[in-house]
Amino acid sequence: MGKAIVITSGKGGVGKTTSTANIGTALALQGKKVCLVDMDIGLRNLDVILGLENRIIYDIIDVVEGRAKLHQALIKDKRFNDQLFLLPAAQHADKNAINEIQMVDMVEELKKDFDYILIDCPAGIEQGFKNSIAAADDAILVTTPEISAIRDADRIIGLIEQTPIQAPQLVINRIRKGMMEAGDVMDVEEITRHLSIKLLGIIFEDDEVVRASNKGNPVVLDPDHPSSQGYRNIARRILGDTVPLMTLKEEKVSFWKKIFGFGK
Amino acid sequence: MKSAVSLKGTQEGYQLIIQSSASLQDVYDELESLTLQMKKDSHAGREIIFHVKTGQRELTDAEKDKISEIVEDDYFKISSFESEVMSLEKCLQWHKEASPTLEVRTVRSGQIVEAEGDMLLIGVVHPGGTVRATGSIYIIGELKGIAHAGVSGKESAVVVANFRYNAQVRIGDNVHVIEKKDQPKDENADTTEFVYVNDLHIIEISSLENLKTIRPELGKHAGGIYNG
């Protein structure tokens, strides 16, 4: 029996979809069977980031309305042998095309076959959000160090508190080391204390995330980048490992390296 | 047999004591004959006030009206009814108003925590969160959102909190915006203060030592319920 985890944030643009793709991929790399469910009906993106856009035949609404069986709508990611699947959102419908009960039924069905079901929640707190959390056992809350994202995150925690889901775990995304060190934004500890939930992981701002996503390859596939490491650590923590938090210290480019291009 | 109604004269005036074990019909009958007797005996021209004690019986409004109807005339008046018991409903209402509600929680953005009577909150009110009480609000923790005391118009309510952060305080219809541009230099400085509405109906903030002077009634139980 698998576990359904909703990835949510309240505010848009903080990296829910990117995080879903990367955490899902990282879990698949750890040998788990993972299904990603895109709930952003009408504005789907998860398929694009995973590079599966042109392989969609049926979508979630086709399943709900009986035009397709659940297993027909699942898209297999060929990079992993039978480890990672995507249930894409519909592009031609809106968030009200599905309700909480249908969502719960569908996720229960998926739990039989998968270890982890990651639900990519749309921004906002309307029907799309309600559908997404209805079926979840756990929640991951993505925020950035910006005050607006933190405020929305606070609101989301309050809403999740009213459901049987236990308190969400926090992912702080797009951390700019320089700004955080200079005190221009709240630091990791402050954010965690303010929201008073458990910290699951931090991801540093990294151009490579966008570059990789644009190519349809989640950044986590390339282990050399700090953001990739961040997502891998999150996946390991979800699996129950204890992994130390990545350090904030900006690596100083040494004098010799600057001059000669080598050295430490 | 003990009579259903007895008359007693005290320093405060006359008391009509109604036996709680007697049937209502007996009470009415005896009241009728008693008042008839008294009206015969009494020196006309002087008003006599009765205070009705019903003991272990809580009379309904209709029953009270009936008794008033029997007893009262131009000279005989009933000033009040008093019983030693109260209805559960009234009791719970009184309990609610008299005892502060204790909340131990974080009030997050978008959440509203309400209480009838006074509220004691132990926790943090995050920006965008609201605490509301018909009485006063006391916060142990941080107030960064909205505290609304005296929601149903009780302007004597106060809000006591550590006003170290940007926040908003409302008492009744009055609004006060607290703006702390910078954190106080001394991190440990105690900034616990209270907000109240003064005699000119203007909302004001004052330091804690003035609380007892400005609101002497706080900290005492306002007393039981007026049982009339």
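**Ground rules**

I number residues from 1 along each chain as its sequence is written, and chains are lettered from A and ligands numbered from 1 in the order in which they are written. Since the model is predicted, local features need pLDDT of at least 70 and side-chain atom pairs count only at pLDDT 80 or more, while totals for chains, interfaces and linings use all residues.

**Entry 1: the annotated stretch of chain A**

I looked up the UniProt record for chain A. Its unreviewed entry places "domain: CobQ/CobB/MinD/ParA nucleotide binding" over residues 5-219. UniProt positions are given in the numbering used here, feature names are shortened, and annotations may be inferred rather than shown by experiment. I then checked the secondary structure of that stretch. Residues 5-219 of chain A are 39% helix and 19% strand. Helices (H or I, at least four residues) and strands (E, at least two) are DSSP runs, numbered from the N terminus.

**Entry 2: the binding-site residues**

The unreviewed UniProt entry also marks a "binding site" in chain A, with Lys11(A), Gly12(A), Lys16(A) and Thr17(A) among its residues.

Where does Val14(A) sit? I find Val14(A) in the loop between strand S1 (3-8) and H1 of chain A. Val14(A) counts as buried because it has 26 C-beta neighbours inside 10 Å. My cut-offs are 20 or more other C-beta atoms within 10 Å for buried, 12 or fewer for exposed, and partly exposed in between, with C-beta atoms placed from the backbone. Leaving out residues up to four places away in sequence, Val14(A) touches Ser9(A), Val142(A), Thr143(A), Thr144(A), Ala149(A) and Asn173(A). Contact here requires C-beta atoms, placed from the backbone, within 7 Å.

Thr18(A) lies in helix H1 of chain A. Thr18(A) is buried, with 27 other C-beta atoms within 10 Å. Beyond four places in sequence, Thr18(A) touches Ile49(A), Val209(A) and Ser213(A).

**Entry 3: helix H10 of chain A**

Which residues of H10(A) are buried? In this helix (residues 207-214) they are Val209(A), Ala212(A) and Ser213(A). They are on the same side of H10(A) because they cover an arc of only 100 degrees around the axis. That arc is taken from the directions from the helix axis to the C-beta atoms. An α-helix has 3.6 residues a turn, so residues three or four places apart point the same way.

The buried residues of H10(A) pack against helix H1 (16-29), helix H2 (46-49) and helix H11 (226-238) of chain A. On the face turned away I find the exposed residues Asp207(A), Val210(A), Arg211(A) and Asn214(A). Just after the helix, Gly216(A) has a positive phi of about 80 degrees.

**Entry 4: cores**

I looked for nonpolar cores, defined as sets of buried Ala, Val, Leu, Ile, Met, Phe, Trp, Tyr and Cys residues joined through C-beta atoms within 7 Å. The largest has 78 residues. Cys35(A), Ile60(A) and Leu141(A) are among those with the most contacts inside it. Cys35(A) touches Leu74(A), Phe85(A), Leu87(A), Leu110(A), Phe114(A) and Ile117(A), residues up to four places away in sequence not being counted. Another core, of 27 residues, lies apart from it and includes Val125(B), Ala133(B), Val195(B) and Tyr196(B).

**Entry 5: chain B**

Chain B has four helices and 15 strands. Of its 228 residues, 25% are buried. The domain assignment, which is automatic or from a database, gives domain 1 (5-85) and domain 2 (92-214). Their centres, taken over C-alpha atoms, are 47 Å apart.

**Entry 6: where the chains meet**

How many residues does each chain give to the contact? Chain B gives eight and chain A gives six. The side of chain B that touches chain A has one nonpolar, six polar and one charged residue. In this count Ala, Val, Leu, Ile, Met, Phe, Trp, Tyr, Cys and Pro are nonpolar, Asp, Glu, Lys and Arg are charged, and the others, Gly among them, are polar.

Arg174(A) has a phi near 55 degrees, a positive value in a residue other than glycine. Arg174(A) is in strand S7 (residues 169-175) of chain A and is buried, with 21 other C-beta atoms within 10 Å.

His201(B) is not a glycine either, and its positive phi is about 60 degrees. His201(B) lies in the loop between strand S14 (192-197) and strand S15 (203-207) of chain B. Is His201(B) buried or exposed? His201(B) counts as exposed because it has 10 C-beta neighbours inside 10 Å.

Conventions: Contact = placed C-beta atoms within 7 Å.
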